[in-house]
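Dear colleague,

Please read the notes with the model open beside them.

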Amino acid sequence: MAQRIEQVLSEQGRGFFQTAGDSMEPLLHSRKSTVVLTAARGPLKRYDVALYRRPAGEYVLHRVIGVTESGYRTLGDNRLWPETVPAEWVIGVMAGFYPDESGQYISCQSPAYRAYLKTLRLRRARLWFRALPGRVRRKMFGPRG
């Protein structure tokens, strides 16, 4: 039986986990990227990538875009709408990742990763403008228009 992520992080302090989903594209690729997570110890800060588990059991890996009194505002790099996450949902934080099967490790402290963070604002603006026609159409004609 596979161990739960919480158990691995609790016992070992860190773990390697394959990603699933496209919410962190283009940084992480579904079923191709592997993230190195460390157990969450203490408060996270803006731009940390947090792993949290929703009450329904779904694991989510999203970036912290804001810190609140009770938790965090998170958003996937490939998403438009943020989510408020209570601090107690957070399980771990990304220390680095392997973007694909090449074996090249990228630390969250590396210059390449820091350069990527500088592109996030522009990337979100591009996503917003790409989604604009669909939002206008739904506003004018309803959800099935």
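The lining of the largest pocket divides into 11 nonpolar, 5 polar and 4 charged residues, where Ala, Val, Leu, Ile, Met, Phe, Trp, Tyr, Cys and Pro count as nonpolar, Asp, Glu, Lys and Arg as charged, and the others, Gly among them, as polar. A pocket here is an open set of points on a 1 Å grid over the protein atoms alone, where a 1.4 Å probe fits, with protein on both sides within 12 Å along at least five of seven lines, and lining residues have an atom within 4 Å of a point. This is a predicted model, in which local features need pLDDT of at least 70 and side-chain atom pairs count only at pLDDT 80 or more, while totals for chains, interfaces and linings use all residues. Residues are numbered from 1 along each chain as its sequence is written, and side-chain values use heavy atoms, with hydrogens and water left out.

The largest pocket has a volume of about 390 Å³, a volume being the space filled by probe spheres set on the points, which are joined across faces, edges and corners. Of the 20 residues that line the largest pocket, Thr19, Ala20, Tyr59, Val60 and Leu61 are the closest to its centre.

The second largest pocket has a volume of about 270 Å³. Among its 20 lining residues, Lys45, Asp48, Met94, Cys108 and Gln109 are the closest to its centre, and by class this lining has 12 nonpolar, 3 polar and 5 charged residues.

Best regards
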